[in-house]
Amino acid sequence: MQNGVRPGILLGYTFTRAARDAFGAAFDIVGALPKPEPHLVTPDMAARARALVTVGSMGASDALMAALPNVSIICCYGTGFERIDLQAARQRNVAVTHSPDVNAADVADMAMALLLAAARRVVLADRFIRAGKWDKRVSGLFGPIAGLGGGRLGILGLGAIGTRVATRAAAFDMEIAYHNRRRRDDVPYRYLETPMALAQWADYLVVACRADDNNRHLVNADFLRALGPRGYLVNVSRGSVVDEAALADALANNVIEGAGLDVFEQEPPVHPLLPALENVVMTPHLGGGTERAQRGMTDLVLHNLKAHFAGQPLITPVPMG
């Protein structure tokens with residue numbers, strides 16, 4: 001606060017009421033953008049906004065920053081920042097922060113929930129009962145089910161989320177391997193040199209890597225063929241890592257057995273073929289949607305904003321290169 005005036009912040013995402021109330025208690029909310037598009041910025045927003053609070057999957061382009069000339073910091077609610085134009089931010093002297101690790105445990109929970117729901121046919125079985133089809137006890141109603149115990153779980157990206165997925169999977173007696181940009185010496189899990197090697201080894205594969213231009217469509221048709229006809233893919237990372245059209249085709253043609261998705265290339269919609277398929281379980285980006293995670297992300301955004309406007313070092317700055 002300077003001269004008794006609270007800095008104005010612009011919201012670039014539809015936040016929960018609790019988050020909005022927390023932001024509004026500390027700062028002056030000057031408006032909200034339904035989409036991160038420059039033409040939606042009003043003259044009042046442009047004049048009063050000194051910070052933009054958004055999520056990495058929505059992003060902020062150079063054009064949006066140009067439309068907000070008084071914004072000196074962009075805070076990402078959550079760990080991702082893949083659609084923030086970091087080069088433009090650096091050139092415009094705009095600081096960027098994110099909220100790493102705060103929601104990692106809850107996203108890992110969602111990964112296991114999707115894996116169980118898909119592999120154990122939970123959603124399919126629920127619909128079966130609700131439709132009144134369970135009229136006699138028979139085995140093998142939904143085909144052969146391998147179960148998780150003794151299965152091989154591959155984790156693509158052993159960061160904060162991937163590490164927590166591994167600890168949860170270990171409790172299910174799964175064998176665990178991972179691929180990362182760098183081998184980690186502090187974990188007991190097997191390291192495989194390439195994503196393709198991981199896909200060939202795994203029965204179940206969880207995508208938990210950070211999205212950037214280098215791994216767009218890393219999970220493609222060849223990757224899915226390597227995972228194989230009894231394989232399952234779970235994505236709790238970012239939709240851009242998976243070629244959604246290739247995944248829909250693989251599910252429709254039994255290239256892999258099933259999938260669980262919490263993230264998509266466009267949010268919304270999803271690939272039009274996916275909703276018609278029974279071997280995929282989908283949730284609308286709910287991984288970090290727990291009260292605990294949202295409190296943590298809200299608090300970290302507020303700490304970064306307060307530090308910035310007080311001229312103090314940021315808590316969790318995004319590396320700007």
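Predicted model: local features only at pLDDT ≥ 70, side-chain atom pairs only at ≥ 80, totals over all residues.

**Stop 1: the five-stranded sheet**

Begin with the open sheet in which 5 strands run in the order S2-S1-S3-S4-S5, with parallel pairing. Colour strand S2 (28–32) and strand S5 (95–97) separately: these are the edge strands, and each pairs on one side only. From one strand to the next, the twist averages 25°.

Now select strand S1 (residues 8–11) together with S2; 4 bridges hold this pair in the parallel sense. Leucine 11 has alanine 32 as its bridge partner in S2.

Helix H11 lies across S1, strand S3 (49–54), strand S4 (73–76) and S5, and runs at about 165° to S4.

**Stop 2: arginine 20**

Which helix holds arginine 20? Select helix H1 (residues 17–26) and arginine 20 is there. Its relative accessible area is 32%, so arginine 20 is partly exposed. Apart from neighbours within four places in sequence, arginine 20 is in contact with Leu11, Phe15 and Ile29. Draw a distance from the C-alpha of arginine 20 to the C-alpha of threonine 298: the two residues are 278 apart in sequence and 9.0 Å apart in space.

**Stop 3: the seven-stranded sheet**

Move on to the open sheet of 7 strands, ordered S8-S7-S6-S9-S10-S11-S12 with parallel pairing. S8 and strand S12 (280–282) are at the edges with a single partner strand each, so one side of each has no neighbour in the sheet.

Two helices can be shown against this sheet. H5 packs on the sheet and touches S6, S9, S10, strand S11 (258–261) and S12, its direction making about 150° with that of S10. Helix H10 (residues 244–252) also packs on the sheet, where it touches S10, S11 and S12; the angle between its direction and that of S11 is about 140°.

**Stop 4**

S6 and S7 pair in the parallel sense over 5 bridges, and leucine 156 has histidine 179 as its bridge partner in S7. Follow the chain from S6 through H7 to S7: this β-α-β crossover is right-handed.

On to S8: S7 pairs with strand S8 (residues 190–191) in the parallel sense over 2 bridges. Here tyrosine 178 stands opposite tyrosine 191 in S8.

Bring the rest of the model back and look at S7 again. Is S7 largely enclosed or largely open? Of its 5 residues, 4 are buried, so S7 is largely enclosed by the rest of the structure.

**Stop 5: the nonpolar cores**

Select Leu115, Leu153, Ile155, Val165, Tyr204, Val206 and Val236 and show their side chains. These have the most contacts inside the largest nonpolar core, which has 32 residues. At least two residues of this core come from each of helix H5 (104–119), strand S6 (152–156), helix H7 (160–171), strand S7 (175–179), strand S9 (204–207) and strand S10 (232–235). H5 gives the most, with 11 residues.

Centre on isoleucine 155. Not counting residues up to four places away in sequence, isoleucine 155 touches Gly162, Val165, Ala166, Ile176, Ala177, Tyr178, His179, Leu198 and Val206. For the second, separate core, select Leu205, Val207, Ala248 and Ala259, which are among its 31 residues.

**Stop 6: aspartate 106**

Return to helix H5 and pick out aspartate 106. Its relative accessibility is 7%, so aspartate 106 counts as buried. Its side chain and that of threonine 290 are joined by a polar contact of 3.0 Å. Beyond residues up to four places away in sequence, aspartate 106 touches Gly287, Thr290, Arg292 and Ala293.

**Stop 7: aspartate 262**

Finish in the loop between S11 and S12, where aspartate 262 is found. Is aspartate 262 buried or exposed? With a relative accessible area of 1%, aspartate 262 is buried. Its side chain makes a polar contact of 2.6 Å with the side chain of threonine 283. Leaving aside neighbours within four places in sequence, its contacts include Met110, Leu114, Asn235, Val236 and Glu267. Thr283, Pro284, His285, Leu286 and Gly287 are also in contact with aspartate 262.

Methods. Residues numbered from 1 in each chain as written. Heavy atoms only, no water. Pairing = 2+ DSSP bridges. Axes fitted to C-alpha atoms, helices over the stretch in contact; angles between N-to-C directions. Contact = heavy atoms within 4.5 Å. Core = buried A, V, L, I, M, F, W, Y, C linked by side-chain atoms within 4.5 Å. Buried < 20%, exposed > 50% of the residue type's maximum accessible area, 1.4 Å probe, protein only. Right-handed = clockwise from strand over helix to strand, strands pointing away. Polar contact = N/O pair within 3.5 Å; in protein donor to acceptor, adjacent residues only side chain to side chain.
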